[in-house]
Amino acid sequence: MTSVEIFSSPMELSEAAAKLFAARAAGAVSARGRFIAALSGGKTPVGIYTLLAKAPFASQIPWARVHLFWGDERCVPPDHADSNYRLVRELLLDYVPIPPPNIHRMPGEMDPVEAAARYEGQLREFIAPHGDGFPVFDCILLGLGEDGHTASLFPGTRAIRESARWVLGHYVDAQKGWRITITPPVINAARTVVFIAAGSGKAAVVKEILEGPFRSDTLPAQIVRPAGGDLVWMLDREAAALLKVEGKGKT
Ligand code: 6PG
């Protein structure tokens with residue numbers, strides 16, 4: 001099921017997203033003994049990671065049973081300013097008692113193609129493929145670029161159409177750099193996918209994605225349609241400004 005939740009501010013969005021993350025963690029641990037999540041880079045999730053690192057969330061979440069993966073990574077070392085791993089480490093991992101083996105960062109320092117193969121191998125070891133041959137994450141957090149990209153699935157890249165591999169390393173012309181990313185079938189196998197977008201700069205692309213024609217080659221975020229899971233769009237009022245949907249809509 002797809003739902004669209006609209007919040008009055010980025011802070012309210014972050015609070016709601018942190019609450020959802022904590023609730024999914026509790027649910028997954030009680031049902032399956034562990035919570036497997038994939039995190040996003042970018043600026044939008046900063047408020048969420050900051051909240052998860054402190055009361056009440058830091059003590060609510062069963063960190064010893066939480067396993068964190070990344071949805072994508074820039075091909076840089078883990079201490080590089082552009083690293084999505086470093087973003088999460090500095091905002092969250094340095095403040096919560098998550099066991100180091102539960103932190104599964106993408107090896108951005110490696111050759112991208114080799115890194116993708118290694119990460120896919122790690123994933124295959126850790127999460128057995130489900131019915132359709134893909135791993136089932138409990139929760140995948142995704143940001144949204146103004147060009148409609150998500151994770152590192154950028155417009156016009158072959159990665160959008162990947163239907164077999166779980167992880168790809170590819171050169172992104174628009175970013176003049178290599179990226180590692182999980183693929184659409186992995187995202188769409190998740191139990192919950194949370195899209196977060198805030199700010200007026202995202203309003204046009206959010207409207208195109210949610211209310212425009214399906215054209216995932218140019219709007220890769222449209223490829224995200226979790227078959228058996230929930231898709232939750234969490235927007236602040238500015239990012240939702242052009243939508244016909246009012247308030248907490250369910251579509
Ligand atoms: C990354 C992210 C990327 C991000 C979008 C939105 O590596 O940058 O994974 O997909 O979520 O670019 O970024 P902002 O939240 O900064 O707008």
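A disulfide is a pair of cysteine sulfur atoms within 2.5 Å. By that criterion, a search of this whole predicted model finds zero disulfides.

View 1. The space that the ligand takes up is the largest pocket. The shell comprises 16 residues surrounding the ligand. Closest to the ligand are K43, T44, D72, R74 and K202. By class, the shell holds nine polar, five charged and two nonpolar residues.

**View 2. Side chains that reach ligand oxygens.** K202 places a polar side-chain atom 2.6 Å from an oxygen atom of the ligand. For R74, a polar side-chain atom lies 2.7 Å from a ligand oxygen. S40 also takes part: an N or O atom in its side chain is 3.3 Å from an oxygen atom of the ligand. Taken alone, the ligand exposes 420 Å². The protein buries 90% of that area.

**View 3. R74 and K202 within the shell.** Both residues are among the closest to the ligand. Each has a polar side-chain atom by a ligand oxygen, at 2.7 Å for R74 and at 2.6 Å for K202.

Technical notes
Residues numbered from 1 in each chain as written. Predicted model: local features only at pLDDT ≥ 70, side-chain atom pairs only at ≥ 80, totals over all residues. Heavy atoms only, no water. Near = heavy atom within 4 Å. Polar contact = N/O pair within 3.5 Å; in protein donor to acceptor, adjacent residues only side chain to side chain. Areas by Shrake-Rupley, 256 points an atom, 1.4 Å probe, with all protein chains shown as cover. 1 Å grid on protein atoms, 1.4 Å probe; cavity = no way out; pocket = protein on both sides within 12 Å on 5 of 7 lines; lining within 4 Å. Sits in = over half its atoms within 2 Å of the grid points. Nonpolar A, V, L, I, M, F, W, Y, C, P; charged D, E, K, R; others polar.
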